Amino acid sequence: MYKDMFVARIVPWELMGTVKDCLPIEMKIHLLPIATRLKEFSGNETDLSKKWVNSSLILIEACLDKTWEILNAGYWKYVPIEYRYCYSLCTILKAVLLEIQHNENDDKKFSNNMTLLKSIVQQVDKGILLGSPLLNMPDLLPTIASQLNNCSASQLLKASSLKELIGGFESIVDVTLPGFKNIREYNEPSMELFYKEIFRLKIPALLKDCINHWRALEQWQNINYLSRVAGHRTVPIEIGSRYTDEDWTQQLVLFSEFLQNHILSKHDKIGYLAQHQLFEQIPELKDDFTIPEYCNFTDNDEVEQPDINAWFGPSGTVSPLHFDPKNNLLCQVFGYKRVILYDPKDSPNLYPYDTRLLNNTAQVDPLNPNYEQWPNFKKSSGFVSYLKPGEMLYIPPRWWHHVTALTPSFSISFWWN
């Protein structure tokens with residue numbers, strides 16, 4: 001039966017023993033015997049009874065529930081890494097056990113059971129989002145999810161191209177916003193020019209014609225391409241136009257549901273796939289773009305891979321005025337955005353929140369300032385830039401920026417030191 005299985009054949013069982021020292025003691029007692037038995041099964045050294053499979057699934061589910069409680073208690077950064085490893089391992093074992101259970105109960109091929117496929121993909125995505133890549137097997141969960149997603153047919157969505165949704169905005173983004181200075185623009189600057197005039201001086205700049213070679217510029221306008229690659233995947237979205245609103249929250253949803261409910265149609269509340277490492281979760285999308293060479297310049301002695309985040313949402317999404325500690329290249333794949341910027345020297349005039357979580361966010365809204373409440377804001381001097389498809393905006397560290405999507409929009413940010 002093992003040779004006919006799909007998920008179990010992807011798992012490198014010979015490496016499973018390397019995770020034993022990474023698990024919490026109370027979980028190790030339950031999980032390692034199951035992993036050992038499944039490894040023996042994969043080597044045709046033992047058979048698995050239906051009773052053992054069912055009882056193991058119940059035990060795995062209990063471990064997942066307990067780990068979920070720990071992962072969601074307190075600040076995320078303080079969660080012990082052992083429990084994130086535990087969630088990843090539980091996810092893998094559950095996926096294999098569900099496959100075995102299906103094969104024992106049904107003569108049909110596993111890959112023909114769409115309901116089961118989608119269920120396992122959703123569980124694996126939770127493992128990617130909440131767990132931590134297992135040592136010696138960092139790509140295992142994304143590989144399982146990608147291959148399962150490829151096995152399941154995605155639903156064709158009504159709009160085949162996002163061009164239908166973003167047309168007619170070219171004239172809007174050519175209008176200067178009153179009271180703001182324009183950001184300097186460069187056409188395909190050389191590495192030397194970028195370093196001398198932009199990066200070294202830490203000056204914001206709009207860069208044109210630098211990513212025309214990206215396949216994403218065309219491919220990602222095709223809604224059904226995105227649905228085929230990622231339709232059954234679970235992604236985190238923000239609900240609400242901005243994260244400083246009282247009713248702002250987050251949800252896990254299927255990517256296809258996000259496309260249908262928030263991109264292709266109007267929804268009561270804005271849904272935004274924001275600041276998510278989508279390309280670590282779904283590596284196939286990485287093939288559609290490249291890391292800009294400008295990211296090779298560094299403020300220290302080491303060149304590191306940049307943090308790459310996706311920003312995908314409808315018109316009306318807003319990132320409130322805030323700053324980031326790293327260099328940022330914000331690249332526009334499709335759609336149009338307006339970015340308002342302020343020099344770090346203006347920080348006292350922008351009234352940052354005094355809480356630990358929001359101390360990089362300004363209380364003032366640059367588009368609708370309350371001068372009675374924030375009188376010093378009048379002393380600030382703002383800049384504005386409009387991002388069009390195929391353009392990049394360099395935002396230096398600690399430069400304040402306020403970002404509004406004027407149309408449905410997909411951006412990629414590259415953060416590096």
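Let's start with Glu-391, which touches Leu-206, Leu-207, Lys-208, Ile-211, Leu-330, Cys-331, Gln-332 and Tyr-386, leaving aside residues up to four places away in sequence. Keep in mind that this is a predicted model.

**Around Glu-391**

- You'll find Glu-391 in the loop between strand E11 (382-387) and E12.
- Its relative accessible area is 7%, and because anything under 20% counts as buried, Glu-391 is buried.

- Nine strands make up an open sheet, and their order is E2-E3-E12-E9-E14-E7-E6-E4-E5.
- The pairing in this sheet is mixed.
- Strand E2 (185-187) and strand E5 (249-254) are the edge strands, so each of them pairs on one side only.
- On average, neighbouring strands of the sheet are turned by 25° against each other, if you ignore direction.

**Who pairs with whom**

- On one side of E12 sits strand E3 (residues 205-208), and the two pair in the antiparallel sense over three bridges.
- Leu-207 has Met-392 as its bridge partner in E12.
- E12 also pairs with E9, again in the antiparallel sense, this time over four bridges.
- Here Leu-329 stands opposite Tyr-394 in E12.
- Moving on from there, strand E9 (residues 327-334) runs antiparallel to strand E14 (residues 409-416), and seven bridges join them.
- Look at Asn-327 for an example: its bridge partner in E14 is Trp-416.

**Ser-409, in strand E14**

- Ser-409 has its place in strand E14.
- With a relative accessible area of 1%, Ser-409 is buried.
- Ser-409 touches Trp-311, Phe-312, Gly-313, Gln-332, Phe-334, Gly-335 and Lys-337, again not counting residues up to four places away in sequence.
- Now look for Thr-46: its C-alpha atom is separated from that of Ser-409 by 53 Å, and the two residues are 363 residues apart along the chain.

**Helices H10 and H11**

- The axes of helix H10 (residues 223-230) and H11 come within 9 Å and cross at roughly 150°.
- Angles over 145 degrees count as roughly antiparallel, and that is why H10 and H11 are described that way.
- On the H10 side, the contact is made by Ile-223, Leu-226, Ser-227 and Ala-230.

**His-262, in helix H11**

- His-262 is part of helix H11 (residues 255-263).
- Is His-262 buried or exposed? At 10% relative accessibility, His-262 counts as buried.
- A polar atom of the His-262 side chain lies 3.2 Å from the backbone nitrogen of Gly-271.
- Gly-271 is also one of the residues that His-262 touches, along with Ile-237, Ile-239, Glu-257, His-267, Lys-269, Ile-270 and Pro-314, not counting residues up to four places away in sequence.

**Helix H5**

- Helix H5 (residues 114-130) has 17 residues.
- From its first C-alpha to its last, H5 reaches 24 Å, close to the 24 Å expected at 1.5 Å a residue.
- Buried residues in H5 include Leu-116, Leu-117, Ile-120, Val-121, Val-124 and Leu-129.
- Gln-123 and Asp-125 of H5 are buried too.

Note on methods: Residues numbered from 1 in each chain as written. Predicted model: local features only at pLDDT ≥ 70, side-chain atom pairs only at ≥ 80, totals over all residues. Heavy atoms only, no water. Axes fitted to C-alpha atoms, helices over the stretch in contact; angles between N-to-C directions. Expected span 1.5 Å × (residues − 1). Buried < 20%, exposed > 50% of the residue type's maximum accessible area, 1.4 Å probe, protein only. Polar contact = N/O pair within 3.5 Å; in protein donor to acceptor, adjacent residues only side chain to side chain. Contact = heavy atoms within 4.5 Å. Parallel < 35°, antiparallel > 145°, perpendicular 65-115°, else oblique.
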